[in-house]
Amino acid sequence: MENIYLTIVLAPLAGALLAGLFGKVIGRSGAHWVTILGVATSFVLSVVVFKYMVIDGNEPFNGPVYTWMVSDGIHMQVGFLVDRLTTLMLLVVTFVSLMVHIYTIGYMSDDPGYQRFFSYIALFTFSMLMLVMSNNFLQLFFGWEAVGLVSYLLIGFWYKRPSAIYANLKAFLVNRVGDFGFLLGIAAIVMYFNTLDYAGVFAAAPAMAGSTMQIFPGSDWSVMTVICILLFIGAMGKSAQVPLHVWLPDSMEGPTPISALIHAATMVTAGIFMVARMSPLFELSETALSFVLVIGSITALFMGFLGLVQNDIKRVIAYSTLSQLGYMTVALGVSAYSVGIFHLMTHAFFKALLFLAAGSVIIAMHHEQDIRKMGGLRKYLPITYWTSLVGSLALIGFPGFAGFFSKDTIIEAVHASHIAGSGFAYVSVLSGVFITALYSFRMFFLVFHTHERFDEHTRAHLHETPAVVTVPLIMLAIPSVVAGYWIDPVVFGDYFGDAIFVSHAHDVVGHLAEEFHGTSAFILHGLTGPAFWLATAGLGTAWFIYTQKPSIAEQLAQRFQLVYRIMLDKYGFDRFNEIFFAGGARGTGWTLWKLGDVLLIDGLLVNGSARLVGWVSGVVRHVQTGYLYHYAFSMIIGLLLLLSWFLWLAPGA
Amino acid sequence: MGEFPLLSLVIWMPIVGGLLVLATSQWPSLNPRPLALAVAVITFLTSLLLYTGFDVSTADMQFPEKASWVPAFNIYYQLGIDGISMPLIILTTFTSVLVILAGWEVIKERPAQYMAAFLIMEGLMNGVFAALDAMLFYVFWEGMLIPMFLIIGIWGGPRRVYATIKFFLYTFLGSVFMLVALIYMHTLSGSFAILDFHVLRLGLTEQVLIFLAFLLAFAVKVPMWPVHTWLPDAHVEAPTGGSVILAAIMLKIGGYGFLRFSLPITPDASHELDWLIIFMSLTAVVYIGFVALVQQDMKKLIAYSSIAHMGFATLGFFLVFTIMDNNAGSSHGSVMAMEGGMVQMVSHGFISAAMFLCVGVLYDRMHSREIADYGGVANTMPVFAAFMMLFAMANAGLPGTSGFVGEFMVILASFKASFWIAFLAATTLILGAAYTLWMVKRVMFGEVANDRVAALQDVNGREIVILGSLVFMVLLIGLWPAPLVEVMQVSIQNLVAHISVSKL
């Protein structure tokens, strides 16, 4: 099996290297063939691993690949941990990646950077697989930064566009703020556990639960709280939680396939995966869990609001992604890790679907992304229409669709939790359901229904996209429906086994499991719950406002102008960061440079002492008269001074 | 191999070779470049024997040579290397090959003298790392500056005279005090052997004075804030090759000095004053990081980035005492800190060389270092853009590149010393990415900015060889640092054990 694990990661890497270094030699079709072959290999082998691990029920694998280095007795290794959590992530990552690879053939068909693009997405797949298969914090950080690198490269893929290269720099730097916390968290782990391996850290963690450390003199902090919050700051960057969410909407500057793969289905969920992986640590700090919960709730609700006022088709979905990441984070906060991962999985399918469908619309509309200039596309793009409908219903949690199972369980779990902040979280996630339905179907109706708002020229060229685009849509639509029925084993069964640890006091999922009586009963129960009615209300409101009485939307915007402005301004985060952080950093740099380096050090000290030397030598020059008796005289004075020093001042005098 | 004077060979071969290259200038029809390259390559290959023949299990000085030099003062021609100096010698011989190649076409004015200066400098720098006699060390230390002055003064830019004088005064000021300290210790011990100084008993006041004298010499060389302002000027005026040697090797000599002199000779003073070094190092990381952000000149930006990165090296070297104080006397973690500092030095050698060479590639074509003159270079030089992107990421400390390894080790270790030291050190993650990638954005990305950028030719075969070999090193150390750490492990453990014991 070890060779299989190695092949899973190395196959996409080989594809990436071939397409990247020899892109000119192998040509366009060569590039997509090698990378698709690589990722397809990984997918097939992931299915093999799934059978081996889950169906045959073998023990998890945990072993090193090679020793990166040994320093101060700490073994830093590259190694794999393949358990059921990893297996699930492998399936999701390789499947979505494969679909996106195929889709890209159509989407990027006339782009001059074709080979480069395939090289990047294959490299991304490699990095993401290294991240999820890691058995230690070093490799986790490697994968973590590597996916960030590829994300940077892909957001700026069209490097001539000023907006794209602004967005990718922003994404990298905001992520680095998260990584700053993450790295400190890893440093704290090394300090207290003397190892980087998950197994060693998890085993020693319970004994550390009562330990404290001092950050400010005189204040004791629980070590586990500090570690968990630092690690979670990393997750906040990667999984775009408020206030480090600002990079994700701008990341839409990248080509649509990567919005689906990286900025919806996989990379942005790395933070969720990481926290679930670290469940044995987070369970030891209720403070950290509450922190996670509150951040997640804020993201889930307030980012959803912003989806209501966006007009760019991809940005609507981007804000929806932020909001859904908030839901996953909320699940982690109430210790429902398995539910969070379950929502991660269902979301990966339906959100990748929605993005790729949006991409299909964008191709058909000749790179028009403004939903105000669409409308009535239903009859031109039937496959895109139906798959989008499936995706949207899954997203709003309509009973029977995948998102229903995962989202409803999150809401139930929050309801059952008693941890600090769960009351606020419950209100947030419940209100979020209405908002989600409203913005999703606002977009859906504006794009596919209502009257056509584009010109004759566009209409003449409007037709369904080619099969390389529509087949991945259909392939993703299937799990967007059926993946939900997997809730029985994954959430309420013991699918995860030892991979996820939940302490008895926080076990809300166990509590829910007692009331779980099969999926059909679950659906029936869902029909009576508030979430279903809120989703229906949101859908109905969207239908009424955007298809029946479009004037209402304008009136609302007029009536609540202040709120509308604030939402258009994205609560002012971007402006604040631009002025305070970016401007502040530049200002600090200028001040330190001009005041510190140029004026003080160079002006005063260096050139000042040069001038002083010049002045002194000017004075001393007068002493060098050339008269012997002057020199003799100064020698006598010098001798007298030396003698006085010996007599009165020297040690022992 | 034991009897064979390998170290003398890597010192004198380039010097003699350099003199031969110099002699070719008598015959203008002769092309000095192939000879210079041959000397550099043979020296590099010879220096690899130091690696293959190195015994990683001992902290003793290896490949020893000793001959009487000035018997009246007990001065010996004494050489030897341990795990700290060996990687630096190989770094020197490797980089020297690259600078010879880098000057191949660009230097049309007196190429023989140019190549000779680099070869002679290479031998002298190897001498600095291999010398075990303080006077011998001092001679090499001062000697290597002469070729550098010439390189900046003759082949440099318009303000080269100001830069050279500033460079000279700064470094000279520092080394005079070091000389006094060395002579003082000679009067106590009757010997100039550095290893004798290590075991020389010194009182605290003596130690503090000696420490400060060394600090002045080494801090200028590293350079540490606030004695760093000569570096940006020197870099801006130096030709590409000069910048590469300056950044890749000369700065390391300052760091090496701390490990070979300051720490083992004056451990108690180091303990007393470690807060000063830590403060200066963190200032380098944070303050210089901000200053680098607003530079308009690419070479200045990279020069400031060098100062910030070297801050990690000095920080790693001096964490040991704080770690012991805050962990009930246990020095666990300080080996990692010091190794991290060493790895950072080696890695910075490759990355800064690569960054300066990249700027050189652009400068050779456009004759400008101003960021504002560029824009959209990736359109016309795609292969170069890929190289530059990789080195920029290495400069920003991306895992998988060598730039990550040292910073990672030092940050991990500094957490043991104090949360706040780790906090300030880790800001490099943000600042380093900000100044490097912002520059890359303005230079490489965007629409083609002007006609001169539109006319750019992508890198040629020679440049691909130079940059490609640096890619290899940067990725090798990034993906598998174990061999590098292994050679220095025992020497550093020995050093930490030595300085944990008070001399008082």
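**View 1. L209(B) in helix 9 of chain B.** In this predicted model, L209(B) sits in helix 9, which covers residues 204–221 of chain B. Its C-beta has 18 neighbours inside 10 Å, so L209(B) counts as partly exposed; the buried label would take 20 or more.

**View 2. Helix 15 of chain B crossing helix 23 of chain B.** Here we have helix 15 (residues 334–366) and helix 23 (residues 482–500), both from chain B, with axes that come within 9 Å and cross at roughly 130°. The two helices are therefore oblique to each other, and the crossing is right-handed. On the helix 15 side, the contact is made by S334(B), V335(B), M338(B), E339(B), M342(B), V343(B) and V346(B). Helix 23 answers with L484(B), V485(B), M488(B), I492(B), Q493(B), L495(B) and V496(B). Sort the residues of this contact by type and you get 11 nonpolar, two polar and one charged.

**View 3. Helix 12 of chain B alongside helix 20 of chain B.** This pair packs at an angle of about 20°, with the axes 9 Å apart. That angle is under 35 degrees, so helix 12 of chain B is roughly parallel to helix 20 of chain B. Their crossing is left-handed. From helix 12 come V285(B), G289(B), F290(B), A292(B) and L293(B), and they meet T428(B), L431(B), G432(B), A434(B), Y435(B) and W438(B) of helix 20. By type, the contact has eight nonpolar residues, three polar and no charged.

**View 4. Where chain B touches chain A.** Zoom in on the interface and you find 42 residues of chain B in contact with 42 residues of chain A. On the chain B side, the elements giving two or more residues are helix 12 (267–293), helix 15, helix 18 (402–417), helix 19 (419–426), helix 20 (428–444) and helix 23. Helix 20 of chain B supplies the largest share, seven residues. This side of chain B divides into 31 nonpolar residues, seven polar and four charged.

**View 5. A352(A) and the largest nonpolar core.** The largest nonpolar core has 454 residues, and those touching the most other members are A187(A), F232(A), A352(A) and A354(B). Helix 6 (residues 162–193) of chain A gives this core its largest share, 21 residues. For the close-up, we pick A352(A). Set aside its neighbours within four places in sequence, and A352(A) is in contact with V96(A), M99(A), A260(A), L261(A), A264(A), A265(A) and L476(A).

**View 6. Chain A, for context.** Of its 653 residues, 56% count as buried. Among contacts in chain A with a separation of 6 or more, 80% are between residues 24 or more positions apart.

How values were computed:
Residues are numbered from 1 along each chain as its sequence is written. Chains are lettered from A and ligands numbered from 1 in the order in which they are written. This is a predicted model: local features need pLDDT of at least 70, side-chain atom pairs count only at pLDDT 80 or more; totals for chains, interfaces and linings use all residues. Helices (H or I, at least four residues) and strands (E, at least two) are DSSP runs, numbered from the N terminus. A residue is buried if 20 or more other C-beta atoms lie within 10 Å of its own, exposed if 12 or fewer, and partly exposed in between; C-beta atoms are placed from the backbone. Axes are lines fitted to C-alpha atoms, for helices over the stretch in contact, and angles run from 0 to 180 degrees between N-to-C directions. Angles under 35 degrees count as roughly parallel, over 145 as roughly antiparallel, 65 to 115 as roughly perpendicular and the rest as oblique. A crossing is left-handed if the near helix is turned anticlockwise from the far one by less than a right angle, and right-handed if clockwise. Two residues are in contact if their C-beta atoms, placed from the backbone, lie within 7 Å. Ala, Val, Leu, Ile, Met, Phe, Trp, Tyr, Cys and Pro count as nonpolar, Asp, Glu, Lys and Arg as charged, and the others, Gly among them, as polar. A nonpolar core is a set of buried Ala, Val, Leu, Ile, Met, Phe, Trp, Tyr and Cys residues joined through C-beta atoms within 7 Å.
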